[in-house]
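These are my notebook entries on one structure. I set down what I looked up, entry by entry.

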Amino acid sequence: MTTSEDILGRIWQSLHEATTQGTGFTLSFLGTIGLEGQPRMRAVILRQFHQAQQQLCFATNIHSAKIPEIRRHPQVALTSYDAGSSIQLRMEGHADIVKDRVCRQRAWRSLAAHSQELYASTNIPGTPLQDDDAGRNSDLASSFARFAWVSVKLEWLDWLDLSDNQRWQFKRRGDQWHGGDVVP
Ligand SMILES: Cc1cc2nc3c(=O)[nH]c(=O)nc-3n(C[C@H](O)[C@H](O)[C@H](O)COP(=O)(O)O)c2cc1C
């Protein structure tokens, strides 16, 4: 018989693999509350998982719209789907924009060169592209200043396994997760 501990173990293992080797769960969809109260979703790559702290981390541009949204409403949601195993993992938690420079530098160094290059543009994401922007306004040296490292402390989990139509939900209280199987 499958137990809550079995499923929680599978969740931690899945998040570990998603952030170390690339799996279906690596690409997640982040939900925030927009500045006008509207729901907002976008894809993000899950970069690190710290099981002891129950934290997931992703990278983003400090000037992107999600940053002020997270500052105003730190409660966020993430959903990943692994088509190979037919499992959807939904997560909710409290997001923090990491301020600690050493921690940011460590995360920055863990990015591949082509990922760091995404931060070279001094243009503000989501603003109208100017005719003369292409190939200009690029400054690799100051890229780190535009790099934001966001951690999400997990608080709620929903594991839906479509291969055997099982669904489990968990809520964290302190260091303990509580929950069990629910009607799918
Ligand atoms: C496959 C894929 C991976 C992406 N990964 C990230 C990511 O890790 N971080 C990020 O900020 N945006 C990522 N994006 C872009 C976002 O989905 C989004 O377009 C961008 O961050 C702007 O969102 P915002 O205006 O809501 O801040 C990714 C997009 C795709 C299609």
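**Entry 1: helix H1**

I began with helix H1, residues 4–20, in what is a predicted model. At 1.5 Å a residue, its 17 residues should span 24 Å, and I found the end C-alpha atoms 24 Å apart, which agrees. The expected span is 1.5 Å times one less than the number of residues. Helices (H or I, at least four residues) and strands (E, at least two) are DSSP runs, numbered from the N terminus.

I then asked which residues of H1 are buried. They are Ile7, Ile11, Ser14, Leu15, Ala18 and Thr19. I use buried for a residue with 20 or more other C-beta atoms within 10 Å of its own, exposed for 12 or fewer, and partly exposed for those in between, with C-beta atoms placed from the backbone. Seen down the axis of H1, the buried residues fall within an arc of 120°, so they line one face of the helix. The arc is that of the directions from the helix axis to the C-beta atoms. As background, an α-helix has 3.6 residues a turn, so residues three or four places apart point the same way.

On the face of H1 turned away from the buried side I noted the exposed residues Glu5, Asp6, Gly9, Gln13 and Thr20. The cover over the buried residues of H1 includes strand S3 (48–50), S4, strand S6 (87–97), strand S7 (147–161) and strand S8 (166–173). After H1 comes glycine 22, with a positive phi near 85°.

**Entry 2: conventions**

I number residues from 1 along each chain as its sequence is written. Because the model is predicted, local features need pLDDT of at least 70 and side-chain atom pairs count only at pLDDT 80 or more, while totals for chains, interfaces and linings use all residues.

**Entry 3: the whole chain**

I counted five helices and nine strands in the protein chain. Along the sequence the pattern reads α-β-β-β-β-α-β-β-α-α-α-β-β-β. The radius of gyration is 18 Å, close to the 16 Å that the globule rule gives for 184 residues, so the chain is as compact as a globular protein of that length. That radius is taken over C-alpha atoms, and the globule rule is 2.2 Å times the number of residues to the power 0.38.

Along the principal axes, the C-alpha atoms fill a box of roughly 60 × 35 × 30 Å. Buried residues make up 21% of the 184 residues. Of the contacts with a separation of 6 or more, 60% join residues 24 or more positions apart. Two residues are in contact if their C-beta atoms, placed from the backbone, lie within 7 Å.

**Entry 4: the ligand shell**

Which residues come nearest to the ligand? Of the 14 residues around it, these are Arg42, Thr60, Ser64, Ala65 and Lys66. A residue is near a molecule or strand if its C-beta atom, placed from the backbone, lies within 6 Å of it. Strand S2 (39–45) and strand S4 (55–61) are the elements that give two or more residues to this shell. S2 supplies the largest share, five residues.

I sorted the shell into eight nonpolar, three polar and three charged residues. Ala, Val, Leu, Ile, Met, Phe, Trp, Tyr, Cys and Pro count as nonpolar, Asp, Glu, Lys and Arg as charged, and the others, Gly among them, as polar.

Alanine 65 sits in the loop between S4 and helix H2 (66–72). I found 17 C-beta neighbours inside 10 Å, so alanine 65 counts as partly exposed.

**Entry 5: the loop between S3 and S4**

I looked up two residues here, alanine 52 and glutamine 54. Alanine 52 is exposed, because 6 other C-beta atoms lie within 10 Å. Alanine 52 and aspartate 175 are 123 residues apart in sequence, and their C-alpha atoms are 9.2 Å apart in space. Glutamine 54 is not a glycine, yet has a positive phi of about 55°. With 18 C-beta neighbours inside 10 Å, glutamine 54 is partly exposed.

**Entry 6: leucine 111**

Leucine 111 lies in the loop between helix H3 (101–109) and helix H4 (113–116). Is leucine 111 buried or partly exposed? Leucine 111 is partly exposed, because 17 other C-beta atoms lie within 10 Å. Leaving aside neighbours within four places in sequence, I found leucine 111 in contact with Ala59 and Gln116.
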